Amino acid sequence: MAPGKVRVRFAPSPTGYLHVGGARTALFNWLFARRHGGAFILRFEDTDVERSREELVAPMLETLRWLGLEWDEGPEVGGPVGPYFQSQRLDLYREAAARLEEAGRAYRCYCTPEELAAKREEAQRQGRSFRYPGTCRNLTPEERTAKEGEGLPYALRLVTPDSGEVVVKDLIHGDVTFPQDSFDDFIIMRRDGIPTYNFAVVVDDHLMGITHVIRADEHLSNTPRQILAYEALGHEPPAFAHVPMVLAPDRSKLSKRHGAVAVEEFRQAGYRPEAIINYLALLGWSPGDDREIMPVDEMVSLFSLERVSRTAAVYDVDKLAWMNGQYLRLLPLEEIVAAALPWFKEKGLDVAEDPRLPRIVDAVRQRVRTLAELADNSVYFFRDVAEYDPEGVRKRFDPPGTDELLLLAAEKLRDLTPFNEETIEKVYRDLCQEQGIGTGRLFHPTRLALTGRTVGPSLFEIMALLGREACVDRLERAAAFIKERAGGPGAS
């Protein structure tokens with residue numbers, strides 16, 4: 001590892017799918033590494049046996065790759081400072097803890113969970129926060145020997161100063177001071193030999209040469225304990241940068257009750273990775289101007305921690321959907337066509353070989369926000385209309401004489417050659433003039449007859465893509481529907 005080279009890490013726990021907040025943290029680390037020609041390391045914190053699930057590692061790796069956040073060291077890539085799973089690094093934590101104990105910077109605590117719970121409840125009854133009273137720190141040599149002789153299980157606690165303060169020099173928040181008396185002698189190794197988060201992360205970040213720890217500011221309260229562990233081990237802490245939390249629109253903690261929060265959910269709904277990356281980058285960071293659509297190479301060239309906000313970012317799924325729609329229109333057509341195929345298949349449409357597909361996708365993508373919407377709004381090009389929009393029927397089909405107008409249009413189109421946008425539009429406008437009606441009187445019911453919908457691409461583009469036969473057939477069937485509806489029960 002070259003001296004002074006930037007090394008950052010993203011260290012998720014495999015307890016669920018990648019959350020948008022976690023993805024934003026990964027992105028900021030990745031952008032910082034790329035901006036400074038450094039290394040982006042991926043490490044899994046999987047020592048929580050009850051919550052960690054090995055089967056969630058692969059989906060998280062796939063999601064990061066899909067987003068374009070390739071890591072330089074980590075699982076499936078390797079590197080000089082592995083392993084990259086905490087569960088495979090237990091000997092390293094135990095060795096570091098043993099050094100602290102030998103140096104008198106840590107001690108064995110024989111207090112049982114039940115004893116600690118009772119003391120915690122007593123503190124709550126007295127209206128004070130619980131702070132470990134140093135029971136085992138103050139054991140006499142004889143008491144300690146006796147407990148050793150009994151073979152009692154123990155945790156390992158770090159000896160912390162009794163007075164003073166801990167200052168976190170944060171690159172975003174500035175100096176944040178914590179009084180020393182707000183910390184007790186916290187556990188670094190549990191009774192089962194598993195390290196606590198605040199100890200394992202210190203050992204890992206030091207051995208992996210991490211220069212900057214960029215993470216959500218919910219971890220700011222953990223940082224003083226980590227600094228105390230660094231000092232006890234004799235290591236220089238990395239630079240810290242705590243980025244703002246991503247909150248729900250009501251400014252509460254983002255959760256499933258606010259809708260989709262996992263990146264995988266957006267992927268399955270037809271969002272593009274470029275749009276997600278673009279949106280996440282602007283959650284708490286500004287490039288310095290009002291631009292909203294930004295390719296990733298521009299983000300890399302402009303990214304700096306100085307432009308990261310101190311205040312929480314508010315998650316707005318409507319803004320993300322809007323941005324995704326922009327990318328559907330901006331990205332190369334062939335890329336969107338290929339990306340949309342799974343959503344067509346999901347609707348039972350095998351359209352890959354249809355020569356019209358690129359033109360259809362290009363027409364429909366102008367008005368949709370996701371690939372799922374794109375497929376849904378294209379169905380009528382490949383399948384007959386099964387039903388008409390009810391509100392559209394009332395407004396567009398019910399006015400008297402609409403069925404005759406549609407039949408007149410069908411007759412005009414029956415032998416039209418060539419059948420293209422220009423010739424169709426001329427026929428329609430001439431017909432409106434002949435009948436002395438406004439264009440909407442014919443255009444709107446025609447759209448409904450051909451698509452079953454009231455909105456979509458240009459009417460004449462739709463007609464040209466559908467072809468003469470389909471247009472004539474659908475106009476005639478709509479006219480029959482209107483006539484039947486007018487003569488049915490309840491007709492005036």
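## The chain as a whole

Among contacts in the chain between residues at least 6 apart in sequence, 75% join residues at least 24 apart. The model that shows these contacts is a predicted one. Its secondary structure comes to 21 helices and 11 strands. The radius of gyration of the chain is 32 Å, well over the 23 Å that the globule rule gives for 492 residues, so the chain is more spread out than a compact globule.

Along its principal axes, the C-alpha trace spans about 110 × 55 × 35 Å. Of the 492 residues in the chain, 48% are buried. The chain exposes about 23700 Å², and carbon and sulfur atoms supply 50% of that area.

## Helices α12 and α13

Helix α12 covers residues 333-346, and helix α13 covers residues 357-364. Their axes come within 10 Å and cross at roughly 95°. Because angles of 65 to 115 degrees count as roughly perpendicular, α12 is described as roughly perpendicular to α13.

Which residues meet where these two helices are in contact? From α12 come Leu-333, Ile-336, Val-337, Leu-341 and Phe-344. From α13 come Leu-357, Pro-358, Val-361 and Asp-362. By class, the contact of α12 with α13 has 8 nonpolar residues, no polar residues and 1 charged residue.

## Leu-228 in helix α7

Leu-228 lies in helix α7, which runs over residues 223-233. With a relative accessibility of 5%, Leu-228 counts as buried, because the cut-off for that class is under 20%. Leaving aside its neighbours within four places in sequence, Leu-228 is in contact with Leu-158, Thr-160, Pro-161, Val-166, Gln-180, Phe-183 and Phe-186.

Leu-228 and Ala-98 are 130 residues apart along the chain, and their C-alpha atoms are separated by 17 Å.

## The loop between β2 and α2

Thr-47 is placed in the loop between β2 (39-42) and α2 (57-67). Is Thr-47 buried or exposed? Its relative accessible area is 16%, and Thr-47 is therefore buried. Leaving aside neighbours within four places in sequence, Thr-47 is in contact with Ser-52, Gln-86, Ser-87, Leu-90, Ile-194 and Pro-195. Thr-47 and Tyr-197 are 150 residues apart in sequence, while their C-alpha atoms are 8.6 Å apart in space.

Asp-48 also lies in the loop between β2 and α2. Asp-48 is partly exposed, with a relative accessible area of 33%. Between Asp-48 and Thr-196 there are 148 residues of separation in sequence and 9.2 Å in space, C-alpha to C-alpha.

## Backbone features in the loops

Most residues other than glycine have a negative phi, and most peptide bonds are trans. Several places in the chain can be read against that background.

In the loop between α2 and α3, Glu-76 has a phi near 65°, a positive value in a residue other than glycine. Glu-76 is exposed, with a relative accessible area of 61%. Pro-83 is also placed in the loop between α2 and α3, where α3 covers 90-102. A cis peptide bond joins Gly-82 and Pro-83, with omega about 0°. A cis peptide bond also joins Thr-417 and Pro-418, with omega about -10°. Pro-418 lies in the loop between α17 (402-413) and α18 (421-435).

## Glu-373 in helix α14

Glu-373 lies in helix α14, which runs over residues 371-376. At 27% relative accessibility, Glu-373 counts as partly exposed. How far apart in space are Glu-373 and Phe-178, C-alpha to C-alpha? Glu-373 and Phe-178 are 51 Å apart in space, and 195 residues apart in sequence.

Technical notes: Residues are numbered from 1 along each chain as its sequence is written. This is a predicted model: local features need pLDDT of at least 70, side-chain atom pairs count only at pLDDT 80 or more; totals for chains, interfaces and linings use all residues. Side-chain values use heavy atoms; hydrogens and water are left out. Axes are lines fitted to C-alpha atoms, for helices over the stretch in contact, and angles run from 0 to 180 degrees between N-to-C directions. Helices (H or I, at least four residues) and strands (E, at least two) are DSSP runs, numbered from the N terminus. Angles under 35 degrees count as roughly parallel, over 145 as roughly antiparallel, 65 to 115 as roughly perpendicular and the rest as oblique. Contact means heavy atoms within 4.5 Å. Ala, Val, Leu, Ile, Met, Phe, Trp, Tyr, Cys and Pro count as nonpolar, Asp, Glu, Lys and Arg as charged, and the others, Gly among them, as polar. The radius of gyration is taken over C-alpha atoms; the globule rule is 2.2 Å times the number of residues to the power 0.38. Buried means under 20% relative accessible area, exposed over 50%, partly exposed in between (1.4 Å probe, protein chains only). Accessible areas come from the Shrake-Rupley method with a 1.4 Å probe; for residues, only the protein chains shown count as cover.
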